[in-house]
Amino acid sequence: MSQTTQTQAQAYQGGFQDPSYDSAHAFRAAMNAMARPGTLESLSGANAPTPISEAAATLLMTVCDPGTGLHLAGSADNDTLRAWITFHTGAPLVSAEEADFALGTWDALQPVRQFKIGDPSYPDRAATLIIEMPNLEQSGTTLSGPGIKTSVQLNLPEVAAFKANRALFPLGFDCFFTCGTNVAALPRSTLIEEAA
């Protein structure tokens, strides 16, 4: 089997088994994660080609469509994954500066200042970063603010960039963190405090 044929075959696989149910379930989990920053939610149902997690694949199938520009960074930017995204979501693949959503590891997404942060009239016109993590657990950095009763912990890849992003509020990017079948969110409104 040629490389092109293999890429095309992989593009057709790994979608939702029951699109109506799976997409509704995934959307609810993603919105719960965003409404309760730092809380781990289970997100499964889609399997994309390597190197992305099931949670990231499911999130892409839930939030991306032909009207949302997607930027792939680092190892996520490969022909097989590009074909999979095009087949399953129809999302146009764009530069970082144009992205509504961006996928990659934290290092691959640098510098994060290249992503849209909205503008005073339309703060919602900002990018959402889907950050693939080597592990995801409720430890380390302390989060507080809207959607958090007192405080919660989440292992962020760094602190300074997220504090700088919070300082831009109501502008700034929002984040989902994915690992395996777990997802957590960090909206721009969340307050961040380094672990002692």
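Two strands are said to pair if DSSP finds at least two bridges between them, and the legends below, which describe close-up views of a predicted model, begin with a pair of this kind.

**View 1. Strand 4 and strand 5 form an antiparallel pair.** Strand 4, made of residues 117-119, and strand 5, made of residues 122-126, run antiparallel and are joined by 2 bridges. A hairpin leads from strand 4 to strand 5 through 2 residues. Within this pairing, Asp119 stands opposite Tyr122, which belongs to strand 5.

**View 2. An open sheet is built from 3 strands in the order 8-7-11.** The pairing in this open sheet is antiparallel. Strand 8 (152-154) and strand 11 (191-193) stand at the edges, and each has a single partner strand, so one side of each is left without a neighbour in the sheet. From one strand to the next, the twist averages 35°. Strand 7, which covers residues 141-144, pairs with strand 8 in the antiparallel sense over 3 bridges, and here Thr141 has Leu154 of strand 8 as its bridge partner.

**View 3. Helix 5 has buried residues along one face.** In helix 5, which spans residues 160-167, the buried residues are Ala161, Phe162 and Asn165. Seen down the axis of helix 5, these buried residues fall within an arc of 95°, so they line one face of the helix. Ala160 and Ala167, by contrast, are exposed on the other side of helix 5. The buried residues of helix 5 pack against several strands, namely strand 6 (128-132), strand 9 (174-179), strand 10 (182-186) and strand 11.

**View 4. Thr68 is a buried residue in a loop.** The loop that holds Thr68 lies between helix 3 (54-63) and strand 2 (70-72). Thr68 has a relative accessibility of 13% and therefore counts as buried, since buried means under 20% relative accessible area. The side chain of Thr68 reaches the backbone nitrogen of Asp65 at 2.9 Å. When residues up to four places away in sequence are not counted, Thr68 touches Val63, Ala91, Pro92, Asp100 and Phe101.

**View 5. Thr178 is a buried residue of strand 9.** At 0% relative accessibility, Thr178 counts as buried. The side chains of Thr178 and Glu132 are joined by a polar contact of 2.5 Å. Leaving aside neighbours within four places in sequence, Thr178 is in contact with a set of residues that includes Ser53, Ala55, Ala56, Leu59, Ile130 and Ile131, and Met133, Leu136 and Val183 are also among them. Ser144 lies 34 residues away from Thr178 along the chain, and the C-alpha atoms of these two residues are separated by 20 Å.

View 6. A disulfide is a covalent bond between the sulfur atoms of two cysteines. For Cys64, the closest cysteine sulfur is that of Cys175, and because the distance is 15 Å, the two are too far apart for a bond. Cys64 counts as buried, at 6% relative accessibility. Cys179 is likewise in no disulfide, and the nearest cysteine sulfur to that of Cys179, which belongs to Cys175, is 16 Å away.

Key
Residues are numbered from 1 along each chain as its sequence is written. This is a predicted model: local features need pLDDT of at least 70, side-chain atom pairs count only at pLDDT 80 or more; totals for chains, interfaces and linings use all residues. Side-chain values use heavy atoms; hydrogens and water are left out. Helices (H or I, at least four residues) and strands (E, at least two) are DSSP runs, numbered from the N terminus. Axes are lines fitted to C-alpha atoms, for helices over the stretch in contact, and angles run from 0 to 180 degrees between N-to-C directions. Buried means under 20% relative accessible area, exposed over 50%, partly exposed in between (1.4 Å probe, protein chains only). The arc is that of the directions from the helix axis to the C-beta atoms. Contact means heavy atoms within 4.5 Å. A polar contact is a pair of N or O atoms within 3.5 Å; within protein, one must be able to donate a hydrogen and the other to accept it, and residues adjacent in sequence count only if both atoms are side-chain atoms. A disulfide is a pair of cysteine sulfur atoms within 2.5 Å.
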